[in-house]
Amino acid sequence: MSYLTGAPAGAAGTGTTDLRTGLGVPGIAHPLLAAAEWGDLARPGPPLHWVVLNVADGPGVHPDPHCLQAAGRLRNAGTRVLGRLDTAHGLRPFAELVADAQRYLDWYQVDGFLLDRCPAGRDALPEIRRAVTTLRTLRDASHIVLGHGTHPHHGYAEHADQLVTFCGPWTDYRWSQVAEWTADHPPERFCHLVHGVPRRHLDEALRIARWQGAATIWFTDRGDRGGLCDPWEGMPGYWDEFVSRIGTGVSE
């Protein structure tokens with residue numbers, strides 16, 4: 001298949017046989033709308049690398065006790081909680097981004113941030129580097145994920161803990177190709193978020209992630225209905241099977 005483009009990413013040095021695949025949850029709906037889903041995430045067993053908290057396209061305008069409780073349960077269980085920051089493809093004012101980050105820290109004690117809709121071009125790299133450097137000063141050991149959704153310029157890998165190098169539908173993912181420069185980094189540096197994955201193709205999707213060297217994944221059978229809904233707001237219909245395929249584990 002076309003996604004098998006030479007040696008798997010991460011093959012140099014780390015290999016893929018010991019790859020510990022885990023889940024990166026890109027943003028379940030508000031706890032009032034998805035109480036059962038947040039409860040499932042807080043139970044022992046799922047190998048969660050992180051869960052994104054998105055209160056209202058960001059931290060909201062005031063503290064939300066339901067979100068605080070949901071985030072607290074996850075953090076008490078040892079799971080990283082990341083606040084979602086929308087970079088608007090690099091158009092978001094720096095001051096707004098930092099202010100939202102501070103609210104996430106003050107109100108929800110998050111462990112880091114997902115910079116969603118992150119630009120991928122070389123020209124935007126200095127501004128993203130500035131943002132990441134500032135975010136790391138707000139909280140020690142912040143976990144920073146850049147949500148490009150595609151393979152960015154390789155320079156971004158120097159500044160974030162993880163890069164989302166695929167975000168989109170299964171129809172694109174099954175024929176996707178990995179950038180050659182990713183082989184210089186271990187699999188734990190990369191994330192794949194894929195919607196519309198049919199149950200019968202779950203094993204194939206896992207193989208693609210393994211070959212492309214992405215240790216953090218999220219697959220769901222939910223679709224975006226042509227962009228009319230958010231496929232990440234609910235759990236996959238095959239949640240139990242998905243977890244069992246990966247195996248139990250704990251957050252690193």
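**Exercise 1.** Across which strands does helix α2 lie, and at about what angle does α2 run to β2?

*Solution.* The model is predicted. Helix α2 comprises residues 65-76. This helix lies across β2 (48-53) and β3 (80-86). Its direction is at about 170° to β2. A further helix, α6, lies across β7 (190-195) and β8, and runs at about 155° to β8.

**Exercise 2.** Determine the order in which the strands close into a barrel, and describe how β1 is joined to β8.

*Solution.* The barrel consists of 8 strands in the order β1-β2-β3-β4-β5-β6-β7-β8, with parallel pairing. From one strand to the next, the twist averages 25°. Strand β1 (residues 22-25) and strand β8 (residues 216-219) run parallel and are joined by 2 bridges. Opposite Gly 22 stands Thr 216 in β8.

**Exercise 3.** Characterise the packing of helix α6 and helix α7.

*Solution.* Two packed helices are described by the angle between their axes and the distance between the axes. For α6 (residues 202-212) and α7 (residues 239-246), the axes come within 11 Å and cross at roughly 40°. Therefore α6 is oblique to α7. The crossing is right-handed. Leu 202, Asp 203 and Leu 206 of α6 make the contact with Glu 241, Phe 242, Arg 245 and Ile 246 of α7. By class, these residues are 4 nonpolar, no polar and 3 charged.

**Exercise 4.** Is Ile 144 buried or exposed?

*Solution.* Ile 144 belongs to strand β5 (residues 143-147). Its relative accessibility is 0%, so Ile 144 counts as buried. Beyond four places away in sequence, Ile 144 touches several residues, among them Phe 113, Leu 115, Val 132 and Ala 160.

How values were computed:
Residues are numbered from 1 along each chain as its sequence is written. This is a predicted model: local features need pLDDT of at least 70, side-chain atom pairs count only at pLDDT 80 or more; totals for chains, interfaces and linings use all residues. Side-chain values use heavy atoms; hydrogens and water are left out. Helices (H or I, at least four residues) and strands (E, at least two) are DSSP runs, numbered from the N terminus. Buried means under 20% relative accessible area, exposed over 50%, partly exposed in between (1.4 Å probe, protein chains only). Contact means heavy atoms within 4.5 Å. Axes are lines fitted to C-alpha atoms, for helices over the stretch in contact, and angles run from 0 to 180 degrees between N-to-C directions. Angles under 35 degrees count as roughly parallel, over 145 as roughly antiparallel, 65 to 115 as roughly perpendicular and the rest as oblique. A crossing is left-handed if the near helix is turned anticlockwise from the far one by less than a right angle, and right-handed if clockwise. Ala, Val, Leu, Ile, Met, Phe, Trp, Tyr, Cys and Pro count as nonpolar, Asp, Glu, Lys and Arg as charged, and the others, Gly among them, as polar. Two strands pair if DSSP finds at least two bridges between them.
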